[in-house]
Amino acid sequence: MINILYCGDRNIEDGLMISVLSLLRNVEEELNILVLTLSLSQEETGSRDIYPVTEKIIQYLDRRVKEQNDQSRVRLIDATERFKKQMPTANMATRFTPCCMLRLFADQIPEIPDRILYLDNDVVCRRNPGDFYHQDMESWELAGVLDYYGKWFFRRNLFRMDYLNSGVLLLNMKKIRQTGLFERCRVLCREKKMFMPDQSAINKLAEAKKICRGKYNDQRHLHEDTVLQHFSTTFRFFPKIRTLTVKPWEVERMHSVLKLTEYDDLLEEYIREKTILERGE
């Protein structure tokens, strides 16, 4: 069995759909997929209303994973009340949605097992991640890949790169609950404003981080051995310095900007299935 965790509000649904469909193309094992969501008012966020992931998309994904393996399942867990009790108040008004910090509540969710693979909704599975998921984690709180840019600027050790990207994290929840890592991260997010708050907190406070090969969280370019491709924001330097963000559900921009056709079959399936869902068929 492979346990998978996603977190977010209704805005993750397109990415969630593509990411789960990509898993189904590469994983034959039983999948136990958990989706943490929440709802907050504009008064609570200070900027906008946040609406939870809908049951409709969860029911669809649950049906799809069961078509491949009848033991697989997709479940939605509302973490609103837990979130409100420990609001990351210092970081609610940053450019990063409060939903990014939902993963830091995973230790409080009884349904979350001792080992789970957290994925951002803009992560596409290209090869079976089983060897990454089933690696030895006894001595580690979490495992991940160095952040493509942050490894140069945010490392704690001057002589060793150790700053992980939080978009793909293999979590040893048993150890995290023992060390109180996520509890301490929540306190830090409540008290100190940070750039990329959840990622910064994890990197600052984790004492047992396992650094893995880049193919498990390829953040910039597709490579021959890429297992999980993460469509995070990158920088471009010509003709001028700028940021570039293209997400998998932006199909036309995947072609026109990234010149990427690797996932065309997957994206055609996504468009087809989304159309059926929207029609209520």
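Biologist: What does isoleucine 33 touch, leaving out residues up to four places away in sequence?

Modeller: Isoleucine 33 touches Ile4, Tyr6, Val20, Val65, Arg73, Val74 and Arg75, where contact means heavy atoms within 4.5 Å. Keep in mind this is a predicted model: local features need pLDDT of at least 70, side-chain atom pairs count only at pLDDT 80 or more, and totals for chains, interfaces and linings use all residues. Residues are numbered from 1 along each chain as its sequence is written, and side-chain values use heavy atoms, with hydrogens and water left out.

Biologist: And which residues touch the most other members of the largest nonpolar core?

Modeller: Ile4, Tyr6, Ile33, Val35 and Leu119, out of 49 residues. A nonpolar core here is a set of buried Ala, Val, Leu, Ile, Met, Phe, Trp, Tyr and Cys residues joined through side-chain atoms within 4.5 Å. Buried is under 20% relative accessible area, exposed over 50%, partly exposed in between (1.4 Å probe, protein chains only).

Biologist: Which helix gives the most to this core?

Modeller: Helix 1, residues 13–24, with seven residues. Helices (H or I, at least four residues) are DSSP runs, numbered from the N terminus. Another core lies apart from this one; it has 39 residues, including Leu142 and Cys185.

Biologist: Is methionine 196 buried or exposed?

Modeller: Buried, at 17% relative accessible area. Lysine 259 also has a positive phi, near 55°, but lysine 259 counts as exposed at 64%.

Conventions:
Helix = DSSP H or I, 4+ residues; strand = E, 2+ residues; numbered from the N terminus.
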